[in-house]
Amino acid sequence: MDLGLRGRKAIVCAASQGLGKACAMALAREGVDVVIVARRREVLDSAAREIELATGNRPQTVLADVTSREGRDAIVSTGPEPDILINNAGGPPPGDFRSFERDDWIRALDGNMLAPIALIKSTIDGMVARKFGRIVNITSHAVKAPVAMLALSNGTRSGLTGFVAGLARSVAEHNVTVNNLLPGTFDTDRLRSNLAALARNSSRSVAEVTEEVRASNPSKRFGHPDEFGATCAFLCSAQASYITGQNILIDGGAYPGTF
Ligand code: NAP
C-alpha cells in the first residue's frame, strides 16, 4: 500500500536506535524526508547511514537532548514545518517508587511528558494551518497495564496520555491526528536493561528472566522494532486520517483484556 507520504517532512525524536530508529526507517522507506534526533553523535550518524543504505533517503541529524529547550529549538530549526512529529525519549529508570526523589520524578516528567508536549506546542499550529499533521507519541504498555517496578513510567506517561486525549479532539477537523503507540516487549536496548534490572531484583540470571518474559507472551517472542515502525508509518499515512486520540498497544497479545 502506498501510504501517500512521499515528500512529507518528519521529525523523529530519540531515533538513533530501537523503536525511534525503526519509525524513522519506515517513514524514510515511504519517501518521507526525516530528521532524526539523539544525544550520542556516533550512534546517530550510524543510524543515518543505515537508513540511507536501506532506503536511499539520508536523514538529517540533530544532536540534541529533547528534554532541553536548546535541544528542542535545534530540532525545530533543523526540521521546520514538519508534517509528522514522532515523540520519543529514553524511558525512566525502573525501581521501587520509595527510592525516587523529587528530582527523579522531574527528570521522568521532562522526558516522557513535558518534552513531547513542548514539541507538539511548537509544531501543531503549523500542521493545523497546512491541513495535514500526524503526531505519534511512543509511550508504553505500562500506561494500560502498569508495572510496579516502572513507577516513573506509569505515572509520567499517563500524564501525557491524558493531555493527548483532550488535544486530539481539538485539532481533528484540520486533518491533524494525535495518537499514542504503546510498545509491549520489543527487542531493544531498553528491554535488555529492564530485564537486567528484573534479574537483579529477583536474584536470578538475565537469561532465566529473559526466557520467562519471552515465554509468558502469547506470541512466545519479543516484538521486532520493524513491526513497530510499520505501525507508526501507517498511523502517519494519508489513509489513517480518521484515527485520532487512540492508544494503540503493540504487545503480541500480552494485555489480557477484551478492550
Ligand atoms: P532504546 O533502545 O534505549 O533507545 C532509546 C533512544 O532514545 C536512543 O536512540 C537514545 O539515544 C535516545 N534518547 C534517549 N534519551 C534521549 C533524550 N533525552 N534526547 C534525545 N534522544 C534520547 O529504547 P527503545 O526500546 O527504543 O524505547 C523507546 C521508548 O519506548 C522508551 O521511552 C522506552 O521506555 C519505551 N518502551 C520501550 C519498550 C521496549 O520493549 N523496547 C517497552 C515499553 C516502553 P541517545 O542515548 O544517544 O540520546
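Where is the place of Ser203?

Modeller: Ser203 is in the loop between α6 and α7 (206-216); helices here are DSSP runs of H or I with at least four residues, strands are E runs with at least two, and both are numbered from the N terminus. A quick note first: this is a predicted model, where local features need pLDDT of at least 70 and side-chain atom pairs count only at pLDDT 80 or more, while totals for chains, interfaces and linings use all residues. Residues are numbered from 1 along each chain as its sequence is written, and side-chain values use heavy atoms, with hydrogens and water left out.

Back to Ser203: its phi is positive, about 50°, although it is not a glycine. Glu81 also isn't a glycine and has a positive phi of about 50°; look for Glu81 in the loop between α3 (69-78) and β4 (84-87).

Now for the ligand. It is surrounded by 27 residues, the closest being Ser16, Arg39, Ala89, Phe186 and Thr188 (a residue is near if one of its heavy atoms lies within 4 Å). That shell has nine nonpolar, twelve polar and six charged residues. For polar contacts, meaning pairs of N or O atoms within 3.5 Å, take the backbone of Ala89: one of its polar atoms is 2.6 Å from a ligand oxygen. A backbone N or O atom of Gly184 lies 3.1 Å from an oxygen atom of the ligand, and for Gly91 such a backbone atom is 3.3 Å from a ligand oxygen. The protein covers 93% of the 880 Å² of accessible area that the ligand has on its own (Shrake-Rupley, 1.4 Å probe). The elements giving two or more residues to the shell are α1 (18-29) and α6 (189-201).

And α1 has another partner to look at: its axis and that of helix α8 (residues 225-235) come within 7 Å and cross at roughly 55°.

Methods:
A polar contact is a pair of N or O atoms within 3.5 Å; within protein, one must be able to donate a hydrogen and the other to accept it, and residues adjacent in sequence count only if both atoms are side-chain atoms. Ala, Val, Leu, Ile, Met, Phe, Trp, Tyr, Cys and Pro count as nonpolar, Asp, Glu, Lys and Arg as charged, and the others, Gly among them, as polar. Axes are lines fitted to C-alpha atoms, for helices over the stretch in contact, and angles run from 0 to 180 degrees between N-to-C directions.
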